[in-house]
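Hi there,

Here is the structure I promised to pass along. Have a look at it first, and then read on for my notes.

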Amino acid sequence: MADSKTILILGGGVGGVATARALRKRLATTHRIVLVDRERDHVFAPSLLWLMVGKRTADAITRPLLRLARKDIDVRVGNVEHIDPDRRIVTVAGEKIAADYLVITLGADLVPDVIPGLAQAGHNFYTRSGAASLWSALRNLRAGRIVVLTAAPAYKCPAAPYEGAMLIDDSFRRQGLRDRVQIELYAAEPAPMGVAGPHVSSAVTQLLAAKGIPYHPEHQVTAVDADRKRLTFANGTEVDFDLLAYVPPHRAPAVIRDSGLTGESGWMSVDRHTLQTRWPNVFAIGDVVSIPLALGKPLPKAGVFANREAEVVAENIAHAMAGQAEPARFDGHGDCFIEIGGGKAGFGGGDFYAEPKPAVTLRQPSWRWHLGKVWVEKSWLYTKL
Ligand SMILES: Cc1cc2nc3c(=O)[nH]c(=O)nc-3n(C[C@H](O)[C@H](O)[C@H](O)COP(=O)(O)OP(=O)(O)OC[C@H]3O[C@@H](n4cnc5c(N)ncnc54)[C@H](O)[C@@H]3O)c2cc1C
């Protein structure tokens, strides 16, 4: 068919699934939508925080990507090996795929190995296997010192390690064992959720204090001794632990770096409103991009942004294919639930593109926000895939 176009989406995480679904709604089935991921399964990452404290099973938060085939989306399981953005030709498991439009949403690589000993010593709860192994370890621990660690100052979902520490607290309270475990949070960053502003940081710090979780910011881990169960920090501090739960350092996916697609930030650069890269008809969204904000830090990496960016890109591709010029614009708005345990969550959000700094508010924790997160989880897992 002469007028049939191929839209190739790299990545089947939040951004990829949202883009594919939004495009399919807008485009006739004469146009091919191809989605590529190296994994067969899509995991709803916000629920990893419930998996790590036994409130979900791995299966309950996972869906096969191939389900998208029911929506006329052509799913390919394979490793993206090379991207030629000038010609929009992508190599997937040795096969070249040509695209009229390319949407790159490959997320972030998690690289615990850059900190010696880290991967051997602890549980990486940013992965499904790490969150599951953390729960196995937590349920067998009857006393001791648990350290929740951020191994680099910038990572996706800036609330997650703070939520994780509070959910661990909740888990031990429910078992009546809280007075037998110490839970401490060592963070590489200077304050929780710094881009959201000092009032949000201070509210989260107070929540930790109220739960008896000592907080140690500006502690950059440099090495972990897995045998002695000891952390060493750049400031010379050494800390022993019985159980370590960590957020690993992140970096742009290997194929993005190897294909020369990173900008000065080490991530992909895009127009902050249209998510267009410098290559025609090539877009990038989600964690793989870095969008600088006026306050000097980038837009946080979060699914809520990947999802909204996907809508904008889908709209603009559909408009371009229909010969319409007026582009949709991503406006930097986003929000998130902050689980604090006890069936409650806070809710923070606002305009991250506001200048000179983001205008973000944090609502008081309540059971309503917790139910809000449950609703988002269910609607994602049951309506998107
Ligand atoms: C514990 C946790 C809790 C979170 N909670 C929240 C929350 O409450 N709210 C929120 O907004 N965000 C949250 N996030 C963040 C959110 O999950 C991410 O920001 C979001 O998934 C980013 O979407 P993405 O499409 O950019 O990347 P991803 O969803 O990470 O998708 C990238 C995809 O690309 C694939 N891929 C990578 N490289 C290749 C390759 N070479 N070949 C083939 N496939 C490849 C990967 O397999 C992956 O499926 C949380 C994250 C974690 C870990």
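**The loop between α7 and β20**

Let me start with Ser259, which is found in the loop between α7 (254-258) and β20 (282-284). Helices here are DSSP runs of H or I with at least four residues, strands are runs of E with at least two, and both are numbered from the N terminus. Before I go further: this is a predicted model, in which local features need pLDDT of at least 70 and side-chain atom pairs count only at pLDDT 80 or more, while totals for chains, interfaces and linings use all residues. Residues are numbered from 1 along each chain as its sequence is written, and side-chain values use heavy atoms, with hydrogens and water left out.

Is Ser259 buried or exposed? Its relative accessible area is 14%, so Ser259 counts as buried (buried is under 20%, exposed over 50%, and partly exposed in between, with a 1.4 Å probe and protein chains only). The side chain of Ser259 reaches the backbone oxygen of Val255 at 2.7 Å. That is a polar contact, meaning a pair of N or O atoms within 3.5 Å; within protein, one atom must be able to donate a hydrogen and the other to accept it, and residues adjacent in sequence count only if both atoms are side-chain atoms. Leaving out residues up to four places away in sequence, Ser259 touches His82 and Ile83 (contact means heavy atoms within 4.5 Å).

Thr277 also has its place in the loop between α7 and β20. With 6% relative accessibility, Thr277 is buried. Which backbone atoms does the side chain of Thr277 reach? One is the nitrogen of Trp279, at 3.1 Å, and another is the oxygen of Val282, at 2.7 Å. Not counting residues up to four places away in sequence, Thr277 touches Met268, Ser269, Val270, Val282, Phe283 and Ala284.

**Two loops on either side of β10**

Gly107 sits in the loop between β9 (101-104) and β10, and at 17% relative accessibility Gly107 counts as buried. Apart from neighbours within four places in sequence, Gly107 is in contact with Pro253, Trp267, Asp287 and Val288. By contrast, Ala165 is 58 residues from Gly107 in sequence and 24 Å from it in space, C-alpha to C-alpha.

Ile115 is in the loop between β10 (109-110) and α3 (118-121). Ile115 is buried too, with a relative accessible area of 8%. Its contacts, again without residues up to four places away in sequence, are Ala151, Gln220, Val221, Thr222, Ala223, Val224 and Pro249.

**Backbone geometry to look at**

Most residues other than glycine have a negative phi, and most peptide bonds are trans. Here are some places that depart from this pattern.

- Asp72 has a positive phi, near 65°. Asp72 lies in the loop between β4 (62-64) and β5 (74-77) and is partly exposed, at 48% relative accessibility.
- Cys157 has a positive phi as well, near 50°. Cys157 lies in the loop between β12 (144-150) and α5 (160-174) and is partly exposed, with a relative accessible area of 30%.
- The peptide bond from Glu355 to Pro356 is cis, with omega near 10°. Pro356 is in the loop between β22 (344-351) and β23 (359-366).

**The chain as a whole**

How many helices and strands does the protein chain have? There are 9 helices and 23 strands. The radius of gyration is 21 Å, close to the 21 Å that the globule rule gives for 385 residues, so the chain is as compact as a globular protein of that length (the radius is taken over C-alpha atoms, and the rule is 2.2 Å times the number of residues to the power 0.38). Along the principal axes, the C-alpha atoms fill a box of roughly 70 × 40 × 40 Å.

Of the 385 residues, 54% count as buried. Among contacts between residues at least 6 apart in sequence, 67% join residues at least 24 apart.

Happy reading, and do write back with any questions!
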